[in-house]
Amino acid sequence: MIMKELIDRKEVNDMTLATEKDKAFALAELSRRKIENTPKVIDNRSLYAGSDMYFYCDYCKALTDQLPEDYIPDPDTPKKICDECQSLKDLGWME
Ligand SMILES: [Zn+2]
């Protein structure tokens, strides 16, 4: 029984460690994506009238949406966070 508890506790520790490592890695990847993506961001104001509009992830500047100028906004449009950052946010890692 004691052995079992020790094993259980070790598993928890390993999991915590894995999570911390994953978080550090995920956040490092996020910075890398942001540095890589930022120069590609298109300023919608620089486009001629009638052009599609481009929207980027709030966190990493990845392209999240490309919509016609007369798009109808709703809470999910344009998309503000890319899938990758959304999963980090869901984990509570985007503080
Ligand atoms: Zn993102």
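These legends walk through close-up views of a predicted model. Residues are counted from 1 along each chain, in the order its sequence is written. Because the model is predicted, local features need pLDDT of at least 70 and side-chain atom pairs count only at pLDDT 80 or more, while totals for chains, interfaces and linings use all residues.

**View 1. Strands S1 and S2 form an antiparallel pair.**
Strand S1 covers 53-56, and strand S2 covers 63-67. Strands here are DSSP runs of E with at least two residues, helices are runs of H or I with at least four, and both are numbered from the N terminus. Two strands pair if DSSP finds at least two bridges between them; S1 and S2 have four bridges. Look for Met-53 opposite Leu-67, and for Tyr-56 with its bridge partner Leu-63.

**View 2. Lys-61 sits in the loop between S1 and S2.**
This hairpin has six residues between its strands. Lys-61 has a positive phi near 65°, and it is a residue other than glycine. How many other C-beta atoms lie within 10 Å of Lys-61? There are 19, so Lys-61 is partly exposed. A residue is buried with 20 or more other C-beta atoms within 10 Å of its own, exposed with 12 or fewer, and partly exposed in between, with C-beta atoms placed from the backbone.

**View 3. The loop between S2 and helix H2 holds Asp-70 and Pro-78.**
Helix H2 spans 83-90. Asp-70 counts as exposed because it has 7 C-beta neighbours inside 10 Å.

**View 4. Seven residues make up the largest nonpolar core.**
Such a core is a set of buried Ala, Val, Leu, Ile, Met, Phe, Trp, Tyr and Cys residues joined through C-beta atoms within 7 Å. Its members are Tyr-56, Cys-57, Tyr-59, Cys-60, Cys-82, Cys-85 and Leu-88. In soluble globular proteins, nonpolar side chains tend to be buried together. Setting aside neighbours within four places in sequence, Cys-85 is in contact (C-beta atoms, placed from the backbone, within 7 Å) with residues including Leu-30 and Met-94.

Notes
Two residues are in contact if their C-beta atoms, placed from the backbone, lie within 7 Å.
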